[in-house]
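Open the model in your viewer and keep the sequence panel beside it.

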Amino acid sequence: MAATPPNELVSVGEVLISAEELQKKVSELGAQVSRDYAGKDLVMVGVLRGAVVFIADLLRNLTVPCEIDFMAVSSYGSSRDSSGVVRILKDLDDSIEGRDVLIVEDIVDSGLTLNYLIRNLQARDPASLEVCTLLTKPERRRVDVPIRYTGFEIPNEFVVGYGLDFGQRYRNLDHVALLPEDAVPGR
Ligand code: PRP
């Protein structure tokens, strides 16, 4: 008899957003973006690494032409308490001048990363610049950022899965789970 494959994922905490709920929401967001960007020159900018799963699914729910590009940024200081000082680790490959840019994030927490990205990308003269995030934690916000499309507002809990990590793990979960408090140092 074949042994059951090891599955570290069963040991993660309670499911906050199921795979089905995620897929339903991503399909709704895809329909909305498709309506809003009909006849435009859409470039979706995924913010590495967390947004890869979301942007890949969102892309497949679009019915309008679109390109994707990626940026990687890192905030100085600990990842759970960003300082607001952001460093570009990987820049866009192509110019966004005159194009309709949609930043795609997995989560907006303090808003500091997004605040930096918006200012940085706006300076490159896109025709338009909007934000789509799968998750937002309004309680954690330190700076107000304009978000056009939001998947889910979530409480101030540490979450993993569907692109979100803890120590680079758990991104491969097909759902969003709460990480048990005893797994998060300093809580
Ligand atoms: C997360 C997320 C955002 C940022 C949000 O990235 O993808 O980019 O934090 O936090 P803020 O609103 O407080 O600035 P993270 O630094 O965890 O990197 P990752 O995407 O590679 O996991």
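What should the 18 residues of helix α1 (residues 19-36) span at 1.5 Å a residue, and how far apart are its end C-alpha atoms? The expected span, 1.5 Å times one less than the number of residues, is 26 Å, and the end C-alpha atoms of α1 are 26 Å apart, which agrees.

Before going on, note that this is a predicted model: local features need pLDDT of at least 70 and side-chain atom pairs count only at pLDDT 80 or more, while totals for chains, interfaces and linings use all residues. Residues are numbered from 1 along each chain as its sequence is written, and side-chain values use heavy atoms, with hydrogens and water left out.

Stay on α1 and select A19, L22, V26, L29, G30, V33 and S34, its buried residues (buried means under 20% relative accessible area, exposed over 50%, partly exposed in between, with a 1.4 Å probe and protein chains only). Viewed down the axis of α1, these fall within an arc of 135 degrees, so they line one face of the helix; the arc is taken from the directions from the helix axis to the C-beta atoms. Next select E20, K24 and R35, exposed residues on the face of α1 turned away from its buried side.

Helices (H or I, at least four residues) and strands (E, at least two) are DSSP runs, numbered from the N terminus. The elements run β-α-β-α-β-β-β-α-β-β-β-β from the N terminus on. Of the 187 residues, 45% count as buried.

Two bridges join β8 to β9 (residues 176-178), and V159 stands opposite L178 in β9.

For the largest nonpolar core, of 27 residues, select F54, L102 and L135, which touch the most other members. Such a core is a set of buried Ala, Val, Leu, Ile, Met, Phe, Trp, Tyr and Cys residues joined through side-chain atoms within 4.5 Å. α1 gives the most to this core, with four residues. Apart from this core lies another, of 19 residues, among them V45, V73, V108 and Y116.

Finish on L102: its contacts (heavy atoms within 4.5 Å), not counting residues up to four places away in sequence, include V33, Y37, C132 and Y149.

Methods. Pairing = 2+ DSSP bridges.
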